[in-house]
Amino acid sequence: MISRNQYIANLKAGYLFPEIAKKRREYAASHPGVKIISLGVGNTTEPILPHINAALVEGAKKLGVLEGYSGYQDEGLPSLREKISEVFYSGKFSIDEIFISDGAKCDIGRLQTLFGAGTKIAVQDPSYPVYVDGSVLTGAAGIWEGNGYAGITYLPCTAENNFFPNLDAVPRNSLVYFCSPNNPTGAAATCDQLNALVKTAIDRGCIIIFDAAYSEFIRDSKLPKTIYGIDNAASCAIEVNSFSKPAGFTGVRLGWSVVPKAIKYSGGESVNADWSRIAGTIFNGASNIAQAGGLAALDSEGLKEIRALTDFYLGNAKIIRDTLVKLGITCIGGGNSPYIWARFPGRDSWEVFQEILEKCQVVTTPGIGFGPAGQSFIRFSAFGHREDVEEACKRLEKLA
Ligand code: PLP
């Protein structure tokens with residue numbers, strides 16, 4: 001018999017969200033008829049807005065006629081890559097530095113194949129689970145040591161450091177994952193903080209994978225929406241981004257990665273050339289229907305729809321945050337991100353999760369699922385219908 005990939009065996013537990021879904025199912029089974037409301041997952045709930053949706057429909061229709069039909073798109077529609085460069089990066093990147101993907105998470109997984117099993121990894125702690133779990137699958141994370149993986153440097157983001165890590169701990173020649181606005185803390189890094197991150201990466205021979213999946217939720221105009229707003233970032237940072245949260249494309253699947261030609265490995269080889277090779281080897285491009293929708297999302301009407309949709313979720317975030325503050329619970333996030341990170345000092349986060357489920361019939365996400373520094377925190381997600389968020393917040397008052 002063929003043996004199991006040893007790296008899969010190294011995965012500590014079930015992926016966080018299936019674990020939460022299991023607990024929800026168990027509660028529902030023992031409380032039939034009770035309506036459970038989820039403020040737990042980061043899945044979008046609101047319909048795609050009309051202008052963008054019409055482009056998706058039109059994209060599908062075009063495939064049914066000879067003049068409109070298209071097949072493989074490889075690295076993505078040139079017009080979409082050009083538009084992304086113009087809208088998000090002031091035209092700074094050529095289209096062969098922008099790669100259209102089927103989503104940021106998928107690219108985060110594939111990007112790890114550039115670096116291999118011997119790579120040192122540094123992550124914000126807490127962080128979006130795929131950075132760590134993907135590193136486990138490539139072998140870079142090593143084995144589980146009780147409170148973390150041997151090959152990963154966890155960079156704690158705590159109330160004490162205002163949720164920005166101490167960069168002195170970043171190992172030389174490492175791959176550094178950084179997400180801003182962060183999932184789960186909701187913290188959005190300032191220009192000074194990102195400057196320090198880029199400087200550290202350059203000084204120590206690191207490459208940053210910068211996850212900007214929530215950049216369209218930033219409302220404070222002083223906060224950077226992309227790492228490339230920082231001098232010299234194009235020599236050390238890959239940026240991944242997505243249409244999932246701003247345009248409601250979680251099920252449509254569309255994102256992009258920027259891999260600047262200026263980034264080199266220690267031997268001087270081009271990271272961009274390798275990424276192009278990998279994209280052509282294990283990925284055959286994003287759906288052309290999704291890309292038609294993506295193009296519409298970036299014209300003036302589409303950008304207005306993105307603003308309206310992100311405003312809606314930020315409105316939910318404000319309702320949740322105001323409720324928690326009224327209850328005397330310390331929290332951050334929610335102003336420039338759809339997540340609120342709430343602190344329950346001295347408590348175990350799975351235990352708080354269970355208490356909220358049982359007292360309020362509201363599903364949340366236990367902070368410990370995002371890394372050791374997430375202990376005693378709960379993540380509240382603003383992705384939900386307004387009436388459900390309002391009802392959930394009424395129920396949360398039972399925590400008083
Ligand atoms: N990056 C972060 C930080 C996320 O929170 C998520 C989804 O929750 C993703 C990426 C996934 O994006 P996509 O749907 O484009 O794969």
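**Exercise 1. Positive phi values**

Find the place of phenylalanine 163, and decide whether this residue is buried or exposed.

Step 1. Phenylalanine 163 is in the loop between E4 and E5. Helices (H or I, at least four residues) and strands (E, at least two) are DSSP runs, numbered from the N terminus. The model is predicted: local features need pLDDT of at least 70 and side-chain atom pairs count only at pLDDT 80 or more, while totals for chains, interfaces and linings use all residues. Residues are numbered from 1 along each chain as its sequence is written, and side-chain values use heavy atoms, with hydrogens and water left out.

Step 2. Phi of phenylalanine 163 is near 65°, a positive value in a residue other than glycine.

Step 3. The relative accessibility of phenylalanine 163 is 8%, so the residue counts as buried (buried is under 20% relative accessible area, exposed over 50%, partly exposed in between, with a 1.4 Å probe and protein chains only).

Step 4. Arginine 253, not a glycine either, has a positive phi of about 75°. Arginine 253 lies in the loop between helix H8 (244-247) and E8, and at 28% relative accessibility it counts as partly exposed.

**Exercise 2. Cis peptide bonds**

State which residue is joined to proline 126 by a cis peptide bond, and which to proline 184.

Step 1. Aspartate 125 is joined to proline 126 by a cis bond with omega of about 10°. Proline 126 lies in the loop between strand E3 (120-125) and helix H6 (130-138).

Step 2. Asparagine 183 is joined to proline 184 by a cis bond with omega near 20°. Proline 184 is found in the loop between E5 and H7.

**Exercise 3. The open sheet**

Give the order of the seven strands in the open sheet, and name the edge strands.

Step 1. The order is E2-E8-E7-E6-E5-E3-E4, with mixed pairing (two strands pair if DSSP finds at least two bridges between them).

Step 2. E2 and strand E4 (152-156) are the edge strands, each pairing on one side only. Neighbouring strands are turned by 20° against each other on average, direction ignored.

Step 3. Take the pairs in turn. E2 and E8 are antiparallel over four bridges, and isoleucine 100 has tryptophan 256 in E8 as its bridge partner. E7 and E8 also run antiparallel, joined by four bridges, and serine 242 stands opposite glycine 255 in E8. E6 and strand E7 (residues 237-242) pair in the parallel sense over four bridges, where aspartate 211 has valine 240 of E7 as its bridge partner.

Step 4. In a regular strand the side chains alternate between the two faces of the sheet. In E8 both faces are covered: Gly255 and Ser257 on one side and Trp256 and Val258 on the other are all buried.

Step 5. H7 lies across E5 and E6, and runs at about 150° to E6.

**Exercise 4. The nonpolar cores**

Name the residues that touch the most other members of the largest nonpolar core.

Step 1. A nonpolar core is a set of buried Ala, Val, Leu, Ile, Met, Phe, Trp, Tyr and Cys residues joined through side-chain atoms within 4.5 Å. The largest one has 43 residues, and Ile84, Ile208, Ile227, Phe243 and Trp256 touch the most other members.

Step 2. Elements giving two or more residues to this core include helix H3 (50-62), helix H4 (78-89), helix H7 (191-204) and strand E8 (255-258). A second, separate core of 36 residues includes Ile20, Ala317, Ile340 and Val352.

Step 3. Not counting residues up to four places away in sequence, isoleucine 227 touches Leu194, Leu197, Val198, Phe210, Ala233, Ala237 and Glu239 (contact means heavy atoms within 4.5 Å).

**Exercise 5. Helix packing**

Describe how H11 and H13 pack, and state how many residues of H10 are buried.

Step 1. Helix H11 (residues 300-326) and helix H13 (residues 386-396) pack at about 5°, with axes 10 Å apart. Axes are lines fitted to C-alpha atoms, for helices over the stretch in contact, and angles run from 0 to 180 degrees between N-to-C directions.

Step 2. H11 is therefore roughly parallel to H13 (under 35 degrees is roughly parallel, over 145 roughly antiparallel, 65 to 115 roughly perpendicular and the rest oblique).

Step 3. Among the residues meeting here are Phe312, Ile319 and Leu324 in H11 and Val389, Cys393 and Leu396 in H13. The contact divides into seven nonpolar, three polar and two charged residues (Ala, Val, Leu, Ile, Met, Phe, Trp, Tyr, Cys and Pro count as nonpolar, Asp, Glu, Lys and Arg as charged, and the others, Gly among them, as polar).

Step 4. In H10, seven of its 10 residues are buried, and these pack against H3, H4, E2 and H11.
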